[in-house]
Amino acid sequence: MINPGNGALCISIVGKENARLWSGLSDDASRVVCEVELFAHVSLDIVDERATKATENYLGQVYSDHLYKCFAYVSSTGVKFVLVTDSKSQGLRDSEMRAIFKKLHHAYCNAISNPFYVVGQPIKSKHLTEAAKQIFAQ
Amino acid sequence: MSKQQKPVGVDAKKMSSELFALTYGSLVAEMLKDYEDPRQVNLQLDKVGFNMGIRLADDFLSKQAGVPKCTDCRQMAETLSKNVIPAYLGVSATVNNWESGDREFSLQIENNPLTEFVEVPQDLTSLHYSQMIAGAIRGGLEAVHIKVTTTAIETPTNTVIKVKFIEVLKDNLPAGED
């Protein structure tokens with residue numbers, strides 16, 4: 001799989017009790033949806049483990065295999081943001097990742113501020129879709 | 001002493017637009033739960049706005065000394081878009097879509113602070129989310145003896161308030177309740 005950008009394939013937002021709130025896939029991931037989403041889901045265990053010891057919200061790379069890499073960010077309220085990228089992709093410095101997660105966190109805040117959103121339910125939001133689109137296009 | 005406690009650069013009378021937007025949003029969401037009918041919610045929001053409008057009319061006229069007396073709909077629309085809406089919502093509005101011989105027009109509010117985070121679900125298309133603003137305009141005009149009907153319509157980019165002039169009220173004072 002040749003990927004020109006940052007290689008981001010999938011973004012998942014998972015609630016405190018591991019309920020999936022939102023997920024977005026890049027066009028490159030459309031053929032391997034199950035695989036990528038499963039990978040993101042599997043990574044959650046490690047995210048939980050890391051989050052207890054972490055000193056900041058950004059957890060860095062939490063898991064990888066021969067195809068994918070997984071980065072995570074946990075908000076202080078326990079919401080987990082997981083980003084799956086292609087394992088071959090380069091140019092993913094921590095500072096860039098922090099910026100990406102910060103942007104996602106901001107979009108998530110805007111999305112849950114919608115008065116018609118019920119807390120804990122899956123999110124439908126143009127804020128998040130837009131933010132994800134920008135990240136995938138980077 | 002009290003002067004020093006005030007945060008620098010913040011007008012004590014102004015509130016955060018986010019707090020305002022979230023408060024209004026919760027109000028609408030709660031009303032939808034209680035009334036279960038979006039049309040009923042529109043009516044109630046309109047009533048809330050109307051009661052605000054008849055009070056705000058005096059407030060506005062006392063503060064803005066330079067506003068001329070309106071003699072036709074065009075002047076009225078001009079005052080609403082250039083003075084009233086910026087004074088209370090902090091954003092400007094544009095007037096367009098004149099219809100039926102200058103008796104109907106639309107006020108387009110860009111960046112409506114009420115709808116900052118709002119995404120109205122598809123099954124609630126009959127809900128007029130910003131009807132409170134429309135009601136306030138109706139109330140404000142009724143206080144100066146102009147009867148209009150107003151509807152707030154959300155478009156993907158802005159809020160459009162449709163105003164239709166009905167008549168000039170004579171002799172009867174504005175009612176306290178709708």
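The model is predicted, so local features need pLDDT of at least 70 and side-chain atom pairs count only at pLDDT 80 or more, while totals for chains, interfaces and linings use all residues. Residues are numbered from 1 along each chain as its sequence is written, chains are lettered from A in the order in which they are written, and side-chain values use heavy atoms, without hydrogens and water.

Two packed helices are described by the angle between their axes and the distance between the axes. Axes are lines fitted to C-alpha atoms, for helices over the stretch in contact, with angles from 0 to 180 degrees between N-to-C directions. Helices (H or I, at least four residues) and strands (E, at least two) are DSSP runs, numbered from the N terminus.

In chain A, the axes of helix 2 (residues 94-112) and helix 3 (residues 126-137) come within 8 Å and cross at roughly 165°. Helix 2 of chain A is therefore roughly antiparallel to helix 3 of chain A (angles under 35 degrees count as roughly parallel, over 145 as roughly antiparallel, 65 to 115 as roughly perpendicular and the rest as oblique). Residues in this contact (heavy atoms within 4.5 Å) include Ile100(A) and Leu104(A) of helix 2 of chain A and Leu128(A) and Ile135(A) of helix 3 of chain A. By class, the residues of this contact are eight nonpolar, three polar and one charged (Ala, Val, Leu, Ile, Met, Phe, Trp, Tyr, Cys and Pro count as nonpolar, Asp, Glu, Lys and Arg as charged, and the others, Gly among them, as polar).

In chain B, helix 2 (residues 17-35) packs on helix 3 (residues 38-63) at an angle of about 130°, with the axes 9 Å apart. These two helices of chain B are therefore oblique to each other. Tyr24(B) and Leu27(B) of helix 2 of chain B are among the residues that make the contact, as are Pro38(B) and Val41(B) of helix 3 of chain B. The contact has nine nonpolar, two polar and no charged residues.

Helix 3 of chain B also meets helix 5 (residues 131-143) of chain B, where the axes come within 6 Å and cross at roughly 40°. This pair, too, is oblique.

Between the chains, 15 residues of chain B are in contact with nine residues of chain A. The two chains bury about 870 Å² between them, 63% of it on carbon and sulfur atoms (buried area is the accessible area, 1.4 Å probe, that two parts lose on being put together, summed over both).

Glu56(A) lies in the loop between helix 1 (33-53) and strand 3 (58-64) of chain A, and Arg98(A) lies in helix 2 of chain A, 42 residues apart.
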